[in-house]
Amino acid sequence: MRNALISLQESKIREVANAGMGRSDVLPFWFGESDEVTPAAIREAAAASLQRGETFYSHNLGLSELREHLSAYMSRLHGDVGVDRLAVTSGGVNALMLAMQALIDAGDEVVAVTPVWPNLTAQPLVMGAHLRCVALRPQSDGAWALDLDELLAAIGPSTRLLVVNAPNNPTGWTLSAAEQRAILDHCRRTGTWILADEVYERLYYEPTPRDCAPSFLDIAAPGDRLVVAHSFSKSFLMTGWRLGWLVMPPSMTPHMGKLVEFNTSCVSVFTQRAGIAALQHEAEITPRVVAHMRACRDTLVTLLQALPGVDVSSAKGGMYAFFRLAGQGDSLEVAKRLVAEAGLGLAPGNAFGDEAQGWLRWCFASQDPQRLVLGVNRLKNWLGL
């Protein structure tokens, strides 16, 4: 067995969840998903596909109809994104891993902006790359910010890949258009690829003319060394469907089809039919999801800010409140104690990077905001307030 696999750390989020799964008295906010079921139109499209007997292989890159819908959707948000730049994947995780396989060799240098969802720092290690992390920094108001000069200084001609997730899981930080321009221009000079995880782009709460966060696709040329990963999971309430997509330079797409073949062969047809339905009903699904998420964010953050010793700010994007408890120790141990002693399931901050030690992540994507209120009351009682 490869040493790279043996030395990988298990997910601390999963470690906490495993401690509380099966307990009916625990409120689970540890995973990054809504507790609301996928909309009926999407489920019905998949069921109809199964009834038609669509249980066979499909094209490696995805059904042409789905890729055409994705092209139209992405083009509406970011300008022309042709079908020849798209590959359908078995979820956002698969999209990211395929991109890693396509772009890095063992020994390559990869720079990642952290704290971040642990898969994004584990995947380069699986590939045998050398990982360097540039940390966001917490501000006095509980928000996190990027030192752009520090990031650019870390990216040189020997840097094969920059990995950046914005809007960010777990902090809610996002890149401005000006920062994206500076990063893209710098990576053009150094010859560095950018892998942008933009799965939360529609869960964005700042004023915007296009109902999404700033994207590298807004400023990049089709041939730039840029790969963008997306997922149906968050803004379409489809976490369990495992359906995502990649945007890449046209010259890369046929080779990505080969990687899909050697990884998963293809995405199931009935799942892709669900994706088509999601895009057809996007105008009625996603704005409602975003409005509800914003209300949940505001409910949770307001309650947390009222607790003494809690540092938290309103996330610009994503589905998480990331907060610090004064006087508490190791995040993992605190999260386990909250499960055992308060019946409250949160993700430990140090799951996302050492710089997030002492922080906790709370997924606020709750169908019933009263569950958030109940959770804060449990935290308040546990703190003895």
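Which residues in H11 are buried? The close-ups below answer this and other points for a predicted model.

**View 1. The buried residues of helix H11.** Glu282, Ile285, Thr286, Val289, Val290, Met293, Cys296, Arg297, Leu300, Val301 and Leu304 are buried in H11. An α-helix has 3.6 residues a turn, so residues three or four places apart point the same way. H11 covers residues 282-305. At 1.5 Å a residue, its 24 residues should span 34 Å. The end C-alpha atoms lie 33 Å apart, which agrees.

**View 2. Ser366 and its contacts.** Ser366 sits in the loop between E15 and helix H13 (370-383). Ser366 is buried, because its relative accessible area is 2% and the cut-off is under 20%. Setting aside neighbours within four places in sequence, Ser366 is in contact with Asp35, His292, Cys296, Arg371 and Leu372. One of these, Cys296, is also among the buried residues of H11.

**View 3. The aromatic pair Phe29 and Trp362.** The structure holds 12 aromatic pairs. In the pair of Phe29 and Trp362, the ring centres are 5.1 Å apart and the planes meet at 35 degrees, so the pair is tilted. This pair links distant parts of the chain, 333 residues apart. Phe29 lies in the loop between strand E1 (27-28) and helix H3 (40-51). Trp362 belongs to strand E15 (residues 359-363). Phe29 is buried, with a relative accessible area of 3%. Trp362 is buried too, at 0%.

**View 4. An aromatic cluster.** Tyr73, Phe232, Phe236 and Trp245 together form one cluster.

Terms used. Residues are numbered from 1 along each chain as its sequence is written. This is a predicted model: local features need pLDDT of at least 70, side-chain atom pairs count only at pLDDT 80 or more; totals for chains, interfaces and linings use all residues. Side-chain values use heavy atoms; hydrogens and water are left out. Rings of Phe, Tyr and Trp (its six-membered ring) pair if their centres lie within 6.5 Å; planes under 30 degrees apart count as stacked, over 60 as edge-to-face and the rest as tilted. Helices (H or I, at least four residues) and strands (E, at least two) are DSSP runs, numbered from the N terminus. Buried means under 20% relative accessible area, exposed over 50%, partly exposed in between (1.4 Å probe, protein chains only). Contact means heavy atoms within 4.5 Å. The expected span of a helix is 1.5 Å times one less than its number of residues.
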